[in-house]
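Cover helix packing, aromatic pairs and a few loop residues.

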Amino acid sequence: MQGWLFISDPSFWKPDQVKALLHGVPLGRMIVLDLFAESMPVYSSTNSFYGQPFIWCMLHNFGGSSGLFGTVESINSGPFNAICFPNSTLVGLGLTPEGIEQNPVIYELMSELAWRKEPINLSKWVSHDLYVCCMDENLTAAWQLLFHSVYNCTLPQYKNHNRSALVHRPSLRMQTDIWYKPTDFYKAWELLFEAAPGLATLQTFRCDLVDVTRQALQLLTTEFYEEIRNAFQAQKLRDLLTAGGVLVYDLLPELDRLLSSNEHFLLGVWHEQAQSQSVDEHEAQLYDINARNQITLWGPDGEILDYASKEWGGLVEDYYLQRWGLFVKTLVECLDRGRPFKQDVFNQAVFQVEKGFVYNQRKYPSKPLGDTYEVARRIFLKYFPYTLKRLQ
């Protein structure tokens with residue numbers, strides 16, 4: 001039985017209620033999944049589920065959303081804390097993500113811990129040979145920085161549900177805080193590129209290079225968004241045009257080209273997988289619409305809007321870029337005509353863009369286009385100096 005109900009409705013599930021439910025089944029005849037134990041463990045507040053066996057689970061990801069994330073310190077210590085808990089009824093470890101095929105290093109770490117008797121030295125572990133070749137000093141330093149920043153969220157009860165402005169419907173009140181220092185991440189990005197020439201032919205390294213560069217552009221999107229918002233609120237049209245122009249006409253198109261260069265970040269693969277399950281053309285079209293809807297609106301009217309957001313080649317260009325383009329255009333028109341920005345009016349307009357993507361019937365490549373290293377290098381040379389200027 002999933003133990004999620006105890007987390008989702010704690011006002012009802014007090015100790016007496018939890019114990020009554022769990023003891024409704026003979027002890028030992030139920031196994032409870034402590035579903036989000038790396039952030040919100042239940043065993044510790046229920047005396048080890050009042051005697052019922054449980055599995056310590058890492059949930060990690062909500063919606064299968066893109067974005068680097070991890071809680072490596074909690075993952076490394078959590079299972080062993082559960083073993084040592086008084087009268088522990090722990091019987092195993094589990095992985096319970098809502099979506100996979102992201103942050104593979106976190107799943108490798110969690111899987112390895114099942115065979116360990118004590119926490120590992122994370123610094124040494126992340127310095128081991130990730131790419132089946134020599135790990136040079138730059139690569140080792142890059143991964144250690146990643147493990148001390150983006151992969152080590154220590155905020156209590158934090159849910160990894162990509163909150164970046166990039167993948168959410170634009171507004172003037174978007175969340176921009178993060179759990180790590182951008183300076184640490186940008187330094188890791190730089191070190192990764194210093195090691196890149198000797199590793200650029202390795203598929204695993206290219207995948208990581210895309211993912212780290214993607215995360216850097218995600219961070220920069222937030223910074224450009226803040227410039228756009230500040231310029232609008234200060235009624236500085238030139239600054240708004242500058243920041244909005246860079247975001248819409250260069251950064252996001254470059255991100256789409258980067259993602260389109262690697263087989264692990266392609267919208268076309270998602271569509272092909274969906275359509276391959278059909279028995280005829282009509283069903284193939286239905287599955288294609290549903291595949292598009294699930295990663296965007298998730299419902300006919302955006303009932304779970306952007307819950308399962310993805311940063312994929314094709315999706316950035318035809319969905320996220322179009323929303324941001326409309327947002328910047330709307331703000332410019334508001335300033336130019338002396339009108340206030342009305343979120344409800346914008347939502348109605350942008351919904352047509354979102355719905356249009358779901359039904360556009362465009363075919364997207366399922367094979368990569370361009371050279372990953374060259375695209376990533378161009379982006380790095382263009383935007384890394386900007387990060388230095390921003391962080392001075």
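The report below takes these topics in turn.

## Basis

This is a predicted model, in which local features need pLDDT of at least 70, side-chain atom pairs count only at pLDDT 80 or more, and totals for chains, interfaces and linings use all residues. Residues are numbered from 1 along each chain as its sequence is written, and side-chain values use heavy atoms, with hydrogens and water left out.

Helices (H or I, at least four residues) and strands (E, at least two) are DSSP runs, numbered from the N terminus. Axes are lines fitted to C-alpha atoms, for helices over the stretch in contact, and angles run from 0 to 180 degrees between N-to-C directions.

## H9 against H10

Helix H9 spans residues 203-233 and helix H10 spans residues 237-260. Their axes come within 9 Å and cross at roughly 165°. H9 and H10 are therefore roughly antiparallel (angles under 35 degrees count as roughly parallel, over 145 as roughly antiparallel, 65 to 115 as roughly perpendicular, the rest as oblique). The crossing of H9 and H10 is left-handed, that is, the near helix is turned anticlockwise from the far one by less than a right angle; clockwise would be right-handed.

Contact means heavy atoms within 4.5 Å. On the H9 side, the contact residues include Leu-217, Leu-220, Phe-224 and Ile-228. Among those they meet in H10 are Leu-240, Ala-243, Leu-247 and Leu-251. The residues of the contact of H9 with H10 divide into 15 nonpolar, three polar and three charged (Ala, Val, Leu, Ile, Met, Phe, Trp, Tyr, Cys and Pro count as nonpolar, Asp, Glu, Lys and Arg as charged, and the others, Gly among them, as polar).

## H10 against H13

H10 also packs with H13, at an angle of about 175° and with the axes 10 Å apart. That makes H10 roughly antiparallel to H13. H10 contributes residues including Leu-237, Leu-241, Val-248 and Pro-253. H13 contributes Trp-324, Val-328 and Leu-331, among others. The residues of this contact divide into 17 nonpolar, two polar and two charged.

## Aromatic pairs

How many aromatic pairs does the structure hold? There are 34. Rings of Phe, Tyr and Trp (its six-membered ring) pair if their centres lie within 6.5 Å; planes under 30 degrees apart count as stacked, over 60 as edge-to-face and the rest as tilted. Trp-143 and Tyr-151 are stacked, because their ring centres are 6.3 Å apart and their planes lie at 0°. Both Trp-143 and Tyr-151 are buried (under 20% relative accessible area; exposed is over 50%, partly exposed in between, with a 1.4 Å probe and protein chains only).

Phe-327 and Phe-346 pair edge-to-face, 5.6 Å centre to centre with 70° between the planes. Phe-327 lies in helix H13 (residues 315-337) and Phe-346 in helix H14 (residues 343-358), so the pair ties together parts that are 19 residues apart in sequence. Phe-327 is buried at 0% relative accessibility. Phe-346 is buried at 2%. Ring pairs also link a cluster, with Phe-69, Tyr-158, Trp-179 and Phe-384 among its members.

## Loop residues

His-161 sits in the loop between helix H7 (137-148) and helix H8 (182-195). Leaving aside neighbours within four places in sequence, His-161 contacts Phe-62, Ser-65 and Tyr-307.

Ser-261 lies in the loop between H10 and helix H11 (267-275). Ser-261 is buried, at 5% relative accessibility. Beyond neighbours within four places in sequence, Ser-261 contacts Pro-368, Leu-369, Gly-370, Asp-371 and Thr-372.
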